[in-house]
Amino acid sequence: MLILLPPSEGKTAPTSGAPVDLDTLVHAELAPARRKALEALAEASAHDDALEVLGVGASLMEEVARNTALTTAPAAPGARVYTGVLYAAADLASVLDGDDDVARGRLADVLTFSALWGLVRPTDRVPAYRLSMSVDLPGIGPLAKFWRPELTVLDERAAGDVVVDCRSSSYAAAWRVPAGAEHVQVKVLRELDGKRSVVSHHAKHTRGLLTGHLLRRAAEPPRTAAELLDAADEMVGSQLYDAALVPGKKHSTLELVVTD
């Protein structure tokens with residue numbers, strides 16, 4: 001299996017530790033692109049119009065200012081830096097720190113898509129930053145377009161495996177799952193009075209629960225969409241109301257149903 005996650009907007013800035021080493025991040029061949037993105041972000045963040053360029057409000061001015069010194073800022077594993085709703089539910093940090101060698105080994109099958117790094121594993125050491133994939137970054141352009149040719153490095157890893165896609169649309173645009181992989185998008189629905197509707201409130205949390213379950217379950221990781229559904233079914237009754245696999249022309253959809 002290969003689990004694809006979006007980054008969290010909320011990040012916990014490390015207070016100590018060595019700075020990021022681009023050559024140690026997953027797919028080190030992306031280092032030149034990462035360096036280019038770092039330099040462009042630092043320059044844009046130092047300008048008077050930084051908030052407007054990055055599409056953030058004045059309350060995030062301190063985080064934007066931090067973008068100017070990311071090469072010297074303390075870094076920590078992504079499992080501790082990304083701390084939004086999805087990551088809280090998955091609790092990747094406890095896997096990283098725990099004594100379950102199987103679950104810890106499966107962290108290599110989890111990739112966070114990033115507008116700055118391209119890809120990050122939960123074990124990769126990075127600083128906290130502020131940058132969204134939807135940004136048109138001066139000197140680089142639209143970031144999804146910038147990363148798309150670079151992230152074809154994932155094609156070989158995905159071939160013949162099931163790709164569990166929990167990304168949002170802007171991050172999905174940065175890499176299209178190749179035809180040789182079994183692509184499953186994870187969708188969260190709400191069940192109320194017998195009717196189902198798409199929800200955003202529970203979506204990140206539920207995708208996080210699925211991620212944590214796939215890492216910690218005793219059985220072998222799923223290699224097909226059908227095996228992924230079997231794994232999701234194990235959550236029904238305790239964390240989910242229902243799970244279903246809906247085939248499609250380009251990809252399948254794993255529907256996870258929650259109730260209030």
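## Proline 247 and serine 252

Proline 247 is exposed, with a relative accessible area of 68%. The model described here is a predicted one. Proline 247 sits in the loop that joins strand S11 (242–246) to S12. Its C-alpha atom is separated by 9.4 Å from that of alanine 225, and the two residues are 22 residues apart along the chain.

Strand S12 covers residues 252–259, and serine 252 belongs to it. Is serine 252 buried or exposed? Serine 252 has a relative accessible area of 14% and is therefore buried, as the limit for that class is under 20%. Once neighbours within four places in sequence are set aside, the contacts of serine 252 are His183, Val184, Gln185, Leu245, Val246 and Pro247.

## The largest pocket

The volume of the largest pocket is about 620 Å³. Its lining is made of 30 residues, and those closest to the pocket centre are Pro7, Glu9, Ser168, Tyr171 and Lys204.

Sorted by class, the residues that line the largest pocket are 15 nonpolar, eight polar and seven charged.

## The second largest pocket

For the second largest pocket the volume is about 260 Å³. There are 15 lining residues here, and Arg176, Val177, His183, Lys250 and His251 are the ones nearest the centre. At least two lining residues come from H10, and at least two from strand S9 (182–192). The lining of the second largest pocket divides into seven nonpolar, four polar and four charged residues.

## Helix H11

How far apart are the end C-alpha atoms of H11? They are 20 Å apart, which agrees with the 20 Å that its 14 residues should span at 1.5 Å a residue.

Eleven of those 14 residues are buried, so H11 is largely enclosed by the rest of the structure. The buried set consists of Ala203, Thr206, Arg207, Gly208, Leu209, Leu210, Thr211, Gly212, His213, Leu214 and Leu215.

The largest nonpolar core has 89 residues, and the members that touch the most others are Trp117, Leu131, Leu137 and Leu143. Which helix gives the most to this core? That is helix H1 (residues 31–45), with seven residues. Apart from neighbours within four places in sequence, leucine 137 is in contact with Ala37, Ala40, Leu41, Ala44, Leu54, Leu131 and Leu143.

H1 is 15 residues in length, and the distance from its first C-alpha to its last is 21 Å, close to the expected 21 Å at 1.5 Å a residue. Ala31, Ala33, Arg34, Ala37, Leu38, Ala40, Leu41, Ala44 and Ser45 are the buried residues of H1. These residues pack against H2, helix H3 (61–66), strand S4 (118–120), strand S6 (136–137) and helix H8 (143–147).

## Two residues with positive phi

Most residues other than glycine have a negative phi. Histidine 27 is not a glycine, yet its phi is positive, at about 50 degrees. Histidine 27 is placed in the loop between strand S1 (2–5) and H1. With a relative accessible area of 22%, histidine 27 counts as partly exposed.

Aspartate 91, which is not a glycine either, has a positive phi of about 50 degrees. The loop between H5 and helix H6 (92–97) holds aspartate 91. The relative accessibility of aspartate 91 is 35%, so the residue is partly exposed.

## Alanine 173

Where is alanine 173 found? Alanine 173 is in the loop between H10 and S9. Its relative accessibility of 24% makes alanine 173 partly exposed, because that class lies between 20% and 50%.

With neighbours within four places in sequence left aside, alanine 173 is in contact with Ala144 and Arg148. The C-alpha atoms of alanine 173 and threonine 83 are 23 Å from each other, and 90 residues separate these two along the chain.

Note on methods. Residues numbered from 1 in each chain as written. Predicted model: local features only at pLDDT ≥ 70, side-chain atom pairs only at ≥ 80, totals over all residues. Heavy atoms only, no water. 1 Å grid on protein atoms, 1.4 Å probe; cavity = no way out; pocket = protein on both sides within 12 Å on 5 of 7 lines; lining within 4 Å. Points joined across faces, edges and corners; volume = space filled by probe spheres on them. Nonpolar A, V, L, I, M, F, W, Y, C, P; charged D, E, K, R; others polar. Helix = DSSP H or I, 4+ residues; strand = E, 2+ residues; numbered from the N terminus. Expected span 1.5 Å × (residues − 1). Buried < 20%, exposed > 50% of the residue type's maximum accessible area, 1.4 Å probe, protein only. Core = buried A, V, L, I, M, F, W, Y, C linked by side-chain atoms within 4.5 Å. Contact = heavy atoms within 4.5 Å.
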